[in-house]
Amino acid sequence: MNGIEIEKVLIPQNRLQQRVSELAVEISADYRDKDLAIVAILKGSFIFAADLLRAITVGATIDFMSISSYANQPQSGVVRITKDLEESITGRNVLLVEDIIDTGLTANYLLRVMRERNPASLRVCALLDKSARRIIDLPVAYRGFEIPDVFVVGYGMDYQQRYRNLPHIAVLTGESLR
Ligand code: IMP
């Protein structure tokens, strides 16, 4: 695939599992006695969200939203909702689960969309944070790992729909990545 290759493993499987467990302990404590509604953003967060939900020990529901960025304005932060939530989030304690926050534009847009639906509370949980590339500042309540400015795949994350099945997070290199 035109010079694209896996450079190295950035986060091995055991560290992922351990960190996901820690996040679940934190979330379970914070949402005890609350009506937790997890909203996972597809496709990248599906494996993280599944592992996280399994480790959460308080009652919670999960719903999915699928988005894609407009090809002609990828840096605008405006995304197209290709699959909306099935349940109402009004009055619920929403936790938005993202794979990775890069510029912050996508999460910022999604937070705006969610806020208009009047949840009781709204927080972000991101497995990875590339804060060096942030354009829009946003609060990340639960963060798995801070990572450098590299392109990563695995554990649900892709490059052209490939590599999602890697059990770890790997760094991808190649001329055509950006
Ligand atoms: P943002 O709007 O720039 O914060 O981009 C967020 C989205 O871009 C993430 O939810 C991912 O889908 C995608 N993304 C950003 N960086 C990477 C990466 O290193 N690997 C795979 N997807 C990425």
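**Entry 1**

I began with an open sheet of six strands, ordered 4-3-2-5-6-7, whose pairing is mixed. Strands here are DSSP runs of E with at least two residues, helices are runs of H or I with at least four, and both are numbered from the N terminus. I count two strands as paired if DSSP finds at least two bridges between them. Strand 4 (79-83) and strand 7 (142-146) are the edge strands, each pairing on one side only. Neighbouring strands of this sheet are turned by 30° against each other on average, direction ignored. Axes are lines fitted to C-alpha atoms, for helices over the stretch in contact, and angles run from 0 to 180 degrees between N-to-C directions.

The model is a predicted one: local features need pLDDT of at least 70, side-chain atom pairs count only at pLDDT 80 or more, and totals for chains, interfaces and linings use all residues. Residues are numbered from 1 along each chain as its sequence is written, and side-chain values use heavy atoms, without hydrogens and water.

**Entry 1: pairing and packing on that sheet**

I looked up strand 5 (93-101) next. Strand 5 and strand 6 (residues 121-129) pair in the parallel sense over eight bridges. Glu98 has Ala126 in strand 6 as its bridge partner.

Then I checked the helices. Helix 1 (residues 13-30) packs on the sheet and touches strand 2 (36-42), strand 5, strand 6 and strand 7. The direction of helix 1 makes about 160° with that of strand 7. Helix 3 also packs on the sheet, touching strand 2, strand 3 (60-69), strand 4, strand 5 and strand 6. Its direction makes about 165° with that of strand 5. Contact means heavy atoms within 4.5 Å.

I found three strands in another open sheet, in the order 1-9-8, with antiparallel pairing. Strand 1 (5-11) and strand 8 are at the edges with a single partner strand each, so one side of each has no neighbour in the sheet. The twist from one strand to the next averages 40°. Strand 8 and strand 9 (residues 169-173) run antiparallel and are joined by three bridges. In strand 9, Val171 is the bridge partner of Val152.

**Entry 2: around the ligand**

I counted 14 residues around the ligand, and Asp99, Thr103, Gly104, Thr106 and Val152 come nearest. A residue is near a molecule if one of its heavy atoms lies within 4 Å of it. The shell divides into six nonpolar, three polar and five charged residues. Ala, Val, Leu, Ile, Met, Phe, Trp, Tyr, Cys and Pro count as nonpolar, Asp, Glu, Lys and Arg as charged, and the others, Gly among them, as polar.

A polar side-chain atom of Asp99 lies 2.8 Å from an oxygen atom. For Lys130, a polar side-chain atom lies 2.9 Å from an oxygen atom. A polar backbone atom of Asp102 is 2.9 Å from an oxygen atom of the ligand.

The elements giving two or more residues to this shell are strand 5, helix 3 (105-115) and strand 8 (151-153). Strand 5 gives the most, with four residues.

**Entry 3: backbone details**

I noted a cis peptide bond from Leu42 to Lys43, with omega near 0°. Lys43 sits in the loop between strand 2 and helix 2 (46-55). Asp33 is not a glycine, yet has a positive phi of about 65°. Asp33 is in the loop between helix 1 and strand 2. Most residues other than glycine have a negative phi, and most peptide bonds are trans.

How values were computed
Polar contact = N/O pair within 3.5 Å; in protein donor to acceptor, adjacent residues only side chain to side chain.
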